[in-house]
Amino acid sequence: AFVGDKSQKDVKGIQPLIVKIKSFEGALTQLSHDELRAKTIYFKEKIQQGRAEKDAKIASYHLEVEKIEDIDAREDIYASIDALEKEAYDLSEKVLLEILPEAFAVIKETARRFKENTSITVSATPKDRELSASKSYITIEGDNAVWANSWNAAGKEITWDMIHYDVQLIGGVVLHQGKIAEMQTGEGKTLVATLPLYLNALTGNGVHLVTVNDYLARRDSTWKAPLFEFHGLTVDCIDNHQPNSEGRRQAYLADITYGTNNEFGFDYLRDNMAHSANDLVQRKHNFAIVDEVDSVLVDDARTPLIISGPVPQGDRHEFNELKPKVDHLVNLQRTLLNGVLAEAKKLIREGKTKEGGFLLLRVHRGLPKNKALIKFLSEEGVKSILQKTENQYMQDNNRDMHKIDEALYFVIEEKNNQVELTDNGIKFLSQDTDNDFFVLPDIGTEIAAIEKKNAPKEEEAEMKENLYKDFSIKSERIHTLTQLLKAYTLFEKDTEYVIMENKIMIVDEQTGRIMDGRRYSDGLHQAIEAKENVKIEAVTQTFATITLQNYFRMYSKLGGMTGTAVTEAGEFWEIYKLDVVEIPTNRGMARKDKEDLIYRSTREKFNAVIEDVSQLAAAGRPVLIGTTSVEISELLSRMLKMRNVPHNVLNAKLHKKEAEIVAEAGKPGVVTIATNMAGRGTDIKLTPEVKAAGGLAIIGTERHDSRRVDRQLRGRAGRQGDPGSSQFYVSLEDNLMRLFGSERVAKIMDRMGLKEGEVIQHSMMTKSIERAQKKVE
């Protein structure tokens with residue numbers, strides 16, 4: 001494989017550095033604790049010396065600027081200051097590269113000393129005295145400070161037990177070079193980050209470590225902090241402080257700052273809206289390491305961060321007036337199409353595929369998510385009839401499609417999330433009002449008509465004014481109507497959103513987490529609120545916005561870690577100029593990934609899943625079941641209850657207990673159902689008897705839209721060479737297969753003549769499914 005060669009080359013290039021790091025180890029072990037700490041001061045001085053000359057120049061320019069009145073002359077000096085800053089930055093990067101081997105060795109030696117001693121005694125520095133007030137692991141005894149090797153990390157007691165492996169040193173170098181280090185899940189990514197964090201924090205310009213959720217930010221910042229604090233560097237986490245507070249500003253002034261991507265982004269936006277320089281919290285964007293880089297820079301990258309506020313008259317709308325009409329319309333279409341579907345089934349059974357296909361396509365365009373329709377389409381040969389008919393009517397730019405649509409009230413385009421009213425629908429909606437109630441006036445012709453009348457100037461102005469008013473009211477009304485239709489037809493409760501405390505909360509389809517404070521734009525959120533009869537909130541307007549993509553491009557240097565990036569390597573290079581390097585694993589992989597099992601219908605698939613889970617649990621293996629929505633996780637939970645299989649559920653509604661459930665998940669026979677978020681970054685620890693029984697079993701209940709999310713689920717098992725297995729179950733009724741699965745899969749299944757409950761498993765099928773996932777991406 002071409003990719004493998006590139007990574008081998010990259011890793012080979014780093015090897016001499018690793019040798020160099022190890023050459024320092026002998027000398028460092030001889031040093032006393034105090035001498036080891038003195039290394040940091042020596043490094044800092046070396047960096048200062050490297051850029052001292054430039055810094056002196058910059059300082060003298062700053063003094064000069066104060067004396068100058070003329071704005072243009074000041075501009076010139078500021079430009080030369082910027083140029084000097086850049087040169088100074090390049091110089092300090094050069095020094096960092098020189099001291100890298102020794103600095104990495106220092107951190108590794110520190111980690112070793114923390115592991116091998118329950119406490120370390122050093123002569124107390126002012127920094128130690130200051131820290132000991134707030135940190136329980138530092139006690140001052142006379143002139144000495146005693147550092148304990150156990151402490152509390154986000155509510156969990158930890159005794160330090162890690163020393164960097166060689167592969168982790170390689171990962172550290174890659175991060176320092178501003179690239180993405182791809183390490184298999186369970187290879188200790190958080191420990192890898194300590195190396196470049198320490199090295200780059202020595203410049204005093206601040207280093208940011210970005211995580212996906214606040215639990216990880218809090219946990220990692222307290223877990224790894226003593227390693228840095230021992231060397232006099234400060235560590236803080238922005239998620240521990242309120243926005244715009246003094247604490248938040250101090251957190252950014254720390255040498256190493258942990259936090260979540262959204263908080264970093266929002267702080268930047270708030271700084272942009274600040275009125276005075278004293279209100280700013282962030283410093284210059286120097287270096288960031290992004291944990292789970294794919295999730296931050298690819299999945300969420302296009303979602304803009306928005307600071308919004310109220311709009312005048314934002315609570316004026318027609319949702320409640322139009323809701324009963326839409327409700328009625330949707331029910332009417334449902335009843336109509338149930339009849340049409342029955343008729344289509346009858347015709348197809350009689351072998352009249354042409355007439356049957358015509359009616360089938362009508363149902364498909366009217367209610368593609370109809371359960372009965374999906375069920376019928378999984379029967380032999382039916383899907384290909386639908387596809388043939390659709391291709392025929394789509395020829396010449398949908399020339400004949402109107403014949404299909406004329407009986408419908410509205411048409412749903414599921415692939416691109418659109419709903420359109422047909423003439424029929426408009427007629428039905430305006431039956432108790434005038435016919436033009438939902439029809440936009442054609443402004444051009446109307447104005448011409450008004451001007452023809454040659455009325456007095458004031459009257460003419462008034463007529464035009466009324467026309468514009470009518471136009472804006474109607475366009476608003478039509479907009480409200482389409483958003484309501486969308487809410488009714490394309491958005492399902494417990495799939496796209498959940499209702500909590502009488503609010504509509506969006507569920508992120510990538511991670512299955514609830515996105516707190518996010519709202520659908522363009523009145524769609526209000527439409528869903530109307531549909532579910534909860535309070536309709538006022539419309540808001542945007543004050544400031546940035547996408548994460550643009551935010552992270554502002555850093556002088558950017559690195560990232562993930563378990564799954566090679567699938568997106570191209571995108572990282574194009575957008576961020578980030579190179580992906582695969583880091584070899586410390587121990588070999590012992591996980592068995594089985595080929596997908598493909599069923600006809602979801603019902604058979606879930607029955608098979610439950611069967612499999614009961615057997616695995618009985619055999620004493622822990623099982624983790626991954627689902628793509630809250631709804632499915634609740635369905636499986638009910639099915640397991642009926643079989644009396646005890647289990648835990650982890651989904652967006654319950655993610656408070658996440659850490660506890662994950663801690664339980666590795667015990668023998670424990671069954672855990674989780675949506676995709678399934679504890680990223682939280683290790684599932686296995687007991688010895690579980691390892692003997694075959695390790696953790698991963699069951700995927702359907703393929704996700706993106707291959708990477710599937711790989712992450714697999715990566716929960718088989719960490720650090722543990723045994724384990726993974727198995728995905730797929731049915732032809734799954735969303736992915738329905739919208740993008742090729743006809744090939746359906747054809748193969750027809751050819752094999754699959755009966756109810758039968759299953760196929762074949763590598764060629766697994767490849768077809770991955771092809772469908774590529775289409776979505």
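## Helix H11 and the residue after it

Gly351, which has a positive phi near 90°, follows helix H11; helices here are DSSP runs of H or I with at least four residues, strands are E runs of at least two, and both are numbered from the N terminus. H11 covers residues 319–349, and its 31 residues reach 43 Å from the first C-alpha to the last, close to the 45 Å expected at 1.5 Å a residue, where the expected span is 1.5 Å times one less than the number of residues.

## Basis of the model

This is a predicted model, in which local features need pLDDT of at least 70 and side-chain atom pairs count only at pLDDT 80 or more, while totals for chains, interfaces and linings use all residues. Residues are numbered from 1 along each chain as its sequence is written, and side-chain values use heavy atoms, with hydrogens and water left out.

## The three-stranded sheet

Three strands form an open sheet in the order S1-S3-S2 with antiparallel pairing, two strands being paired if DSSP finds at least two bridges between them. Because S1 (119–123) and S2 (138–141) each have a single partner strand, they stand at the edges, and one side of each is left without a neighbour in the sheet. Neighbouring strands are turned by 25° against each other on average, direction ignored.

Strand S3 (residues 144–148) runs antiparallel to S2 and is joined to S2 by four bridges, with Glu141 opposite Asn144 in S3.

## The S12–S13 hairpin

Strands S12 (residues 410–413) and S13 (residues 418–421) pair in the antiparallel sense over four bridges, and Ile412 stands opposite Val419 in S13. Four residues lie between the two strands of this hairpin, and Asn417 in the turn has a positive phi of about 55°.

Technical notes
Axes fitted to C-alpha atoms, helices over the stretch in contact; angles between N-to-C directions.
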